[in-house]
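This report looks at one strand and its surroundings, and then at a pocket. The sequence and the model follow.

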Amino acid sequence: MDDFKGQKVYVAGCYDIFHYGHSNAIRQAKQLGDILVAALHPDEEITQHKGPPVYTYEERLKLLKSIKWVDEIYPSAPYLLGPETLKDAGCDFCAHGDDLPISAETGCDPYAKLKEAGKFKVFKRTHGVSTTDIVDRILSMTTIHHANVNDRAEFDAVANGLEQPSVCSPFTVGTRSLVTSSRIFQFSSGKEPQPGDRIVYTSGVFDILHMGHICFLEKAAAAGDYLIVGVHSDQIVNQCKGSNYPILNLHERVLSLLATRFVSEVVIDVPLVCTGDIMDLFKIDLVVHGKTPIRLPSHGDDPFAEPKRRGKFQIIDSESEITTEVIVNRILKRRLEFEERNRKKNERELKALHSSNKADTGSESQDLSSNGWT
């Protein structure tokens, strides 16, 4: 890695239904050099080579800009990447995870030319999360990732770390999301508030990070010097929202927030009520919340009564109409289209994996958890 210090790294993606796996890919790519250029594929390229995206180009661009390891954006990047694009972006080499990027149109590796030119580096893919997996969760509205499971078969699947049948591509699913303390440390800024800093606090669900969240967090951060975000537990979210919410479990939601440049610190599993103890403990100067009202499910009291009493409460308008429910409804309204997209993606990856394994017959099999598919 040290040989590449001082260079610009190109990492491309769709960044659709942005999750902490995307953020971790960007973080790892940044470690390969000094400047990280995040390239974003336009909607047309994604539809042609992978299938229809859920987020619009503008939404994906807003999310990508919010990630703290991104130094520059290369917009409207082609899916099939060649040396000419790398040169135009001013980058020295390209980086990608050790999964299998495959074009649905050509069936080819979109990075083949760069690999031949020696301009390609591999980092470790983040297992347990993917856009395909999250779409599947929404399509089936499964709660395996966080719920109290009563059904025996479902319980066995959870206990063994399985969310999907074994015929699924290992690059899409496999082990369920297991968040470690080291991962949280990698994502955390580690910065403490400085004397005189205006400390802002907000709390919420932050399920499936979207443009509405980012617009709100950006304004919340601008209201002070140090933004603390409290994240509610899966149980609290389910009590308040019902159905199969949250789609992402607590730790998945925490990592997504920590990856943004607006969030200074995250408090895990905070209560709905913002008490005086919380305000005093974190020395909070201002409590902010979005326009959507929150009432306690048991008796309907105002959870922000104490900060209001102290004159330290403010409503912030994100000026975005995007909510988690809007994203879920986009997918459910196009259920057949997204189911077909996920099915074809799984088939392509399994076919490519089978072909690679056949080519490796008689030699040591590749370790996907280390060197990957270089």
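In this predicted model, strand E6 (residues 199-204) pairs with strand E9 (residues 286-289) in the parallel sense over two bridges, and within that pairing Tyr201 stands opposite Val287. E6 is also joined to strand E7 (residues 226-231) by six bridges, again with the strands running parallel, and here Thr202 is placed opposite Val229. Together with helix H9, E6 and E7 make up a β-α-β unit that is right-handed.

| Partner strand of E6 | Sense | Bridges |
|---|---|---|
| E7 (residues 226-231) | parallel | six |
| E9 (residues 286-289) | parallel | two |

The strand is mostly covered, with six of its six residues buried. Ile199, Tyr201 and Ser203 point one way from E6, whereas Val200, Thr202 and Gly204 point the other way. Ser203 counts as buried because its relative accessibility is 5%, which is under the 20% cut-off. Leaving aside residues up to four places away in sequence, Ser203 touches Gly230, His232, Val270, His289 and Phe304.

The largest pocket holds about 800 Å³ of space. Its lining comprises 34 residues, and those nearest the pocket centre are His213, His289, Thr292, Ile294 and Thr323. E6, helix H9 (211-222), helix H10 (234-241) and helix H14 (324-333) each contribute at least two residues to this lining, and the largest share, four residues, is supplied by H10. Sorted by class, the lining of the largest pocket consists of 12 nonpolar, 14 polar and eight charged residues.

Note on methods:
Residues are numbered from 1 along each chain as its sequence is written. This is a predicted model: local features need pLDDT of at least 70, side-chain atom pairs count only at pLDDT 80 or more; totals for chains, interfaces and linings use all residues. Side-chain values use heavy atoms; hydrogens and water are left out. Buried means under 20% relative accessible area, exposed over 50%, partly exposed in between (1.4 Å probe, protein chains only). Contact means heavy atoms within 4.5 Å. On a 1 Å grid over the protein atoms alone, a cavity is a set of points where a 1.4 Å probe fits but cannot get out, and a pocket is an open set with protein on both sides within 12 Å along at least five of seven lines; lining residues have an atom within 4 Å of a point. Grid points are joined across faces, edges and corners, and a volume is the space filled by probe spheres set on the points. Ala, Val, Leu, Ile, Met, Phe, Trp, Tyr, Cys and Pro count as nonpolar, Asp, Glu, Lys and Arg as charged, and the others, Gly among them, as polar. Two strands pair if DSSP finds at least two bridges between them. A crossover is right-handed if, with the strands pointing away from the viewer, the path from the first strand over the helix to the second runs clockwise.
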